[in-house]
Amino acid sequence: MVQETPRVASLVLEMPDWPGHLAGQHVDVRVTAEDGYQAERSYSIASSPEDSRLAITVERLDDGEVSPYLVGELRIGDKVELRGPIGGYFVWRPADERPLLLVGGGSGVVPLMAMIRHRVAINSKTPTRLLYSSRSQDDIIYRAELERLAARADGLTVAHTLTRMQPAGWDGYARRIDLAMLGEVAWPRHEMPLTFVCGPTPLVESVASLMVDMGYDPPSIKTERFGPTGG
Amino acid sequence: MSFISRGFRGKRRDTASSSRLPPGQYIVTDYPVLSAGPTPRIPLNEWTFVIEGEIDKPRSWNWEEFRKLPTEQVTKDIHCVTKWSKFDTGWTGVSMDKILEGVETAAEYTVQFSYGGYTTNLPLEDLTGGKAWVVYEFDGQPLHPEHGGPARMLVPHLYFWKSAKWIRGIRLVNEDEPGFWETNGYHNYGDPWREQRYWGD
């Protein structure tokens, strides 16, 4: 169990019979109360397919049903029932040589992190840019790891924007993602990039729509949305 | 095989809503958006809806013609494979029975195809008999593009990915042709009451 931010934790799971996964896929987690009542939710896989253990990263939603249990109650040694991997579309396959633009909002960064970790694990040189929107510096998930990976200067760059609160001396962006920001961060159109966008619906709608305005080919923009009802 | 999750209680539902809620689903009151790419932009003066494939002569309607078809107002529960269900959603549109009236076809399967390239497949019998509509209003308002406007399919007895947004037409086919999600890990039929979410369910 890794506490990533005050509201977000990663669960690291031993998976004896895990069939392997693709970067970007998710799992379904099922929890069962003593009287047999069950609830299920989907969570993105955060770990690289090469990692020996499976990690999922969960944001605690105050009115959620499953996430407060996973983030607050679960203890080391507890068992978790999960199913997966699931989903064959919002996935990055390293054989695809297009430059990558990854745009994440909040915990939408999780499947993008699986792609970044996969890229590092296999020593891929695919040029990759991450644009990551968080409310404040404390809300940035994987902050130290992203900093370390970007410092390797192997073709990964990371740009942050903090939409609500910025620390003194902050030199990143300080607003919602807009046309000017995408103009600075996104790959030029002629490089035919592949774009993954994941986050709350308004962010995804806005970013995908701006990318279309900028002339990117809609099929090259893959999106995954989640609302505050993710539970 | 399920086991007890130590310390999990969960939020309980009243039994009245439980009987309307398929296994593994939970109720939402807002309306989440799920789609795999950018929302297509479809000017109404370029919109058409077509029935094609195994049919003597394809039928097509432009927006003006389509809006002249007899409408129905229906209230349905919808169930998304990502586990949310929304009760009592109100729609206005045209029933598929009306759209297919008089069509003679030997086809047993259909493919819904959309602006933006989305496809999803269904047996023809799941689109007839008062089970499916092409809708263009949600709760009395024009359907928002995020939710599939100008018009989308409504096939509420199946998971909601079987109700294509931004519908452009329906192809009648002799052989079943798995669509977008059906070739990306999701169940070919998608009955929420049998929890047919993924391949192998």
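**View 1. Burial and surface of chain B.** Of the 201 residues in chain B, 54% are buried. The model is predicted. Chain B has an accessible surface of about 9300 Å², and carbon and sulfur atoms account for 50% of that surface. The mean position of its 23 positive charges lies 9 Å from that of its 27 negative charges.

**View 2. Element order and overall dimensions of chain B.** Chain B contains three helices and eleven strands. Read from the N terminus, the order is α-β-β-β-α-β-β-α-β-β-β-β-β-β. The radius of gyration of chain B is 18 Å, close to the 17 Å given by the globule rule for 201 residues, so chain B is as compact as a globular protein of that length. Along the principal axes, the C-alpha atoms of chain B fill a box of roughly 60 × 35 × 30 Å. Of the contacts in chain B between residues at least 6 apart in sequence, 66% join residues at least 24 apart.

**View 3. The largest nonpolar core.** This core has 41 residues; those touching the most other members are B:Phe49, B:Ile51, B:Phe66, B:Met96, B:Ile99, B:Val134 and B:Met153. At least two core residues come from each of strand S2 (48-53), helix H2 (63-67), helix H3 (96-99), strand S8 (133-138) and strand S11 (167-173) of chain B. S11(B) supplies the largest share, three residues.

**View 4. Surroundings of B:Val134.** Leaving out residues up to four places away in sequence, B:Val134 touches B:Phe49, B:Phe66, B:Gly93, B:Val94, B:Met96, B:Ile99, B:Ala151, B:Arg152, B:Met153 and B:Ile167.

**View 5. A second, separate core.** This core has 28 residues, among them A:Trp92, A:Val120, A:Leu130 and A:Leu146.

How values were computed
Residues are numbered from 1 along each chain as its sequence is written. Chains are lettered from A and ligands numbered from 1 in the order in which they are written. This is a predicted model: local features need pLDDT of at least 70, side-chain atom pairs count only at pLDDT 80 or more; totals for chains, interfaces and linings use all residues. Side-chain values use heavy atoms; hydrogens and water are left out. Helices (H or I, at least four residues) and strands (E, at least two) are DSSP runs, numbered from the N terminus. The radius of gyration is taken over C-alpha atoms; the globule rule is 2.2 Å times the number of residues to the power 0.38. Buried means under 20% relative accessible area, exposed over 50%, partly exposed in between (1.4 Å probe, protein chains only). Contact means heavy atoms within 4.5 Å. Accessible areas come from the Shrake-Rupley method with a 1.4 Å probe; for residues, only the protein chains shown count as cover. Lys and Arg count as positive and Asp and Glu as negative; His and the chain ends are not counted. The place of a charge is taken as NZ of Lys, CZ of Arg, CG of Asp or CD of Glu. A nonpolar core is a set of buried Ala, Val, Leu, Ile, Met, Phe, Trp, Tyr and Cys residues joined through side-chain atoms within 4.5 Å.
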